[in-house]
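Reader: I would like a brisk walk through this fold. Please give the cut-offs as we go.

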Amino acid sequence: MMEKVILARKVHFNCGHRYFNPNFSDEKNREVFGSCYSEHGHGHNYTLEAYVRGQVSPDTGMVMNLKDLDQILKKVTDTLDHKFLNEDVEDFQALVPTTENIGLYCFRNISTALKSLDIKLEKVRLYENENLWVDLVAGLS
């Protein structure tokens, strides 16, 4: 049996968001979300790392072509890049755009795109900044 290899790729995107739950009162939103509840929102320069797992092809020496992985990551992050998530991205109009939820969005969309290539998404790491990130790992429940 051939060993599996994990290949990682890093991309950057920028977007703004506002932590806000319409089911909460203004007071409750301020209590729960603090300064992230700002009426005008705020933004971040995100770093997304995608880790894919597969066998190294004896023909190419690669787990997958980086061009294909780059296209997938670009398609996913282009929907977020330079957007105000609460208003510009349908998935976040009824979902608080926390780092966790943005990471889940990326994980699900990358994973779906990889299915046709027989490559498994092992992990997504999304950095909101150097002190805050989330890891989304395949198979965790």
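Author: Start with two definitions: two strands pair if DSSP finds at least two bridges between them, and helices (H or I, at least four residues) and strands (E, at least two) are DSSP runs, numbered from the N terminus. This is a predicted model, where local features need pLDDT of at least 70, side-chain atom pairs count only at pLDDT 80 or more, and totals for chains, interfaces and linings use all residues. Residues are numbered from 1 along each chain as its sequence is written, and side-chain values use heavy atoms, with hydrogens and water left out.

Reader: Do β1 and β2 pair in the parallel or antiparallel sense?

Author: β1 covers residues 4–17 and β2 covers residues 42–55. H12 stands opposite T47 in β2. The two strands share 14 bridges, and the sense is antiparallel.

Reader: Is the pairing of β1 and β3 parallel or antiparallel?

Author: β3 consists of residues 83–84. C15 stands opposite K83 in β3. Over 2 bridges, the sense of β1 and β3 is parallel.

Reader: How many residues lie between β4 and β5 in their hairpin?

Author: β4 (residues 120–129) and β5 run antiparallel, joined by 6 bridges. R125 stands opposite D135 in β5. N129 stands opposite L132 in β5. Between the two strands of the hairpin there are 2 residues.

Reader: How do α2 and α4 lie to each other, oblique or roughly parallel?

Author: The axes of α2 (residues 66–78) and α4 (residues 99–115) come within 10 Å and cross at roughly 140°. Axes are lines fitted to C-alpha atoms, for helices over the stretch in contact, and angles run from 0 to 180 degrees between N-to-C directions. Angles under 35 degrees count as roughly parallel, over 145 as roughly antiparallel, 65 to 115 as roughly perpendicular, and the rest as oblique. So α2 is to α4 oblique.

Reader: How many nonpolar residues are in the contact of α2 with α4?

Author: α2 brings I72, L73 and V76, while α4 brings Y105, C106, N109, I110, A113 and L114. Ala, Val, Leu, Ile, Met, Phe, Trp, Tyr, Cys and Pro count as nonpolar, Asp, Glu, Lys and Arg as charged, and the others, Gly among them, as polar. The contact has 1 polar residue and no charged ones, and its nonpolar residues number 8.

Reader: What percentage of the residues in the chain is buried?

Author: Buried means under 20% relative accessible area, exposed over 50%, and partly exposed in between (1.4 Å probe, protein chains only). The chain has 141 residues, and the buried share is 40%.

Reader: Does H82 count as buried or exposed?

Author: H82 lies in the loop between α2 and β3. Its phi is positive, about 60°, although H82 is not a glycine. Most residues other than glycine have a negative phi. With a relative accessibility of 62%, H82 counts as exposed.

Reader: What is the relative accessibility of D118?

Author: D118 is found in the loop between α4 and β4. Phi of D118 is near 60°, a positive value in a residue other than glycine. D118 counts as exposed because its relative accessibility is 71%.

Reader: How far apart in space are L95 and F20?

Author: L95 sits in the loop between α3 (85–88) and α4. L95 counts as partly exposed, at 36% relative accessibility. L95 and F20 are 75 residues apart in sequence, and C-alpha to C-alpha they are apart by 8.6 Å.

Methods
Contact = heavy atoms within 4.5 Å.
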